[in-house]
Amino acid sequence: MPATARVRRLALALASAALLAGCAATPTTPSRGTGKLIVGYEEPRTPEERAARAFLRERRILEDAAAYADARIALPHDVPLRAARCEAPNPFWSKATGRITYCYGFVADARRVFARAAADDAPAERTPAGDDIDEDVVGLSHGVVFHELGHALVDLYDLPVTGREEDAVDQLAVLLLASGDERHADYAISTVNAWGALWAASEGGDPGVAAYSDVHSLDGQRFFDWACWLYGSDPRRFADAVDAEGNPDGVLPRDRAALCPAEYRRIDSSWRTLLAPYLKRGGSPGP
Ligand SMILES: [Zn+2]
């Protein structure tokens, strides 16, 4: 399905949403902890890993994500955010090591996902636009780093979670991205696109026991959830996300879209309540 191209319609005018960072206007107790994400790079061994490290460094992906999070949320102590070699190329938080690992292999994997989606959307073009794909990899990388930051916060502050933790930390990632500037909204759209591409790649097949029993929601569910929450963060700005009269290419069914603003408000207030002691006073919604 060509959802990946259609979701791009979400990118509209910048709005002045404050949302999670609205703590700037809300009296809070002093932040606990002075910790922040500390970016590091394991020595790469293969050409692909070296290319991934160069890409990450040139784009300052991890550094920018760390600074963005640091402007908003205090950690109890410094937490490494480390680019590293991984057996499976999926970024992860480890409670045991107390660190977030961003896998070098994730860069090439993400690039393949976006390239395949671009080729499906525009098969006539022999080569998908590399710059667009790189931008999507940058965006998705922010999405996954903030997702892993959510896991870290749950463990480090022993935050209560009911329901799937994976969904809860997806919600935090959307909040962080949607409450920033237009660039960060684009990062959220790239992440929506990734879920759409992964879903499209498997559409028609039974996800199977591994996917149904997994701790994560299915790719298609994450696609609609991310799209819903981003739309819900500012329905006027993201109006083109909705499948409506005059906009049949919108990705969100109207019945779900009607619920999204309330879903987003609940997510926003819940995370703000959970993180209230740790939100930085004076944190601004964007750079
Ligand atoms: Zn997770």
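Me: Why is arginine 112 called partly exposed?

Reply: The model is a predicted one. Arginine 112 has a relative accessible area of 48%. Partly exposed covers what lies between under 20% (buried) and over 50% (exposed), so arginine 112, at 48%, counts as partly exposed.

Me: What makes arginine 112 and aspartate 109 a salt bridge?

Reply: The closest N and O atoms of arginine 112 and aspartate 109 are 2.8 Å apart. The cut-off is within 4 Å, so the pair qualifies as a salt bridge. Both residues sit in helix H4 (residues 104-121), three residues apart, and are therefore separated by about one helical turn. Aspartate 109 has a relative accessibility of 29% and counts as partly exposed.

Me: How do you know that arginine 60 and aspartate 64 form a salt bridge?

Reply: Their closest N and O atoms are 3.7 Å apart. That value is within 4 Å, so the pair is counted. Arginine 60 is partly exposed at 43% relative accessible area, and aspartate 64 is partly exposed at 27%.

Me: Why is aspartate 134 called buried?

Reply: The relative accessible area of aspartate 134 is 16%. Buried means under 20%, so aspartate 134 is given that label.

Me: What is the label of arginine 111, and which salt bridge does arginine 111 form with aspartate 134?

Reply: Arginine 111 counts as partly exposed, with 30% relative accessibility. The side chains of arginine 111 and aspartate 134 meet in a salt bridge at 3.1 Å, N to O. This pair links distant parts of the chain, with arginine 111 in helix H4 and aspartate 134 in helix H5, 23 residues apart. Shared partners join Arg59, Arg111, Asp134 and Glu135 into one network of salt bridges. The whole structure has 14 salt bridges.

Me: How do you know which residues coordinate the zinc ion?

Reply: His147 (NE2), His151 (NE2) and Glu166 (OE) coordinate the zinc ion at 2.0 Å. Donors are N, O and S atoms within 2.8 Å of the metal, so these atoms count. In sequence, the donor residues are spaced H-x3-H-x14-E.

Me: Why can histidine 151 and glutamate 166 be said to tie parts of the chain together?

Reply: Histidine 151 lies in helix H5 (residues 130-156) and glutamate 166 in helix H6 (residues 165-178), so the pair ties together parts that are 15 residues apart in sequence. Histidine 151 and glutamate 166 are both buried.

Conventions:
Residues numbered from 1 in each chain as written. Predicted model: local features only at pLDDT ≥ 70, side-chain atom pairs only at ≥ 80, totals over all residues. Heavy atoms only, no water. Donors = N, O, S within 2.8 Å, 3.2 Å for Na, K, Ca; no water. Helix = DSSP H or I, 4+ residues; strand = E, 2+ residues; numbered from the N terminus. Buried < 20%, exposed > 50% of the residue type's maximum accessible area, 1.4 Å probe, protein only.
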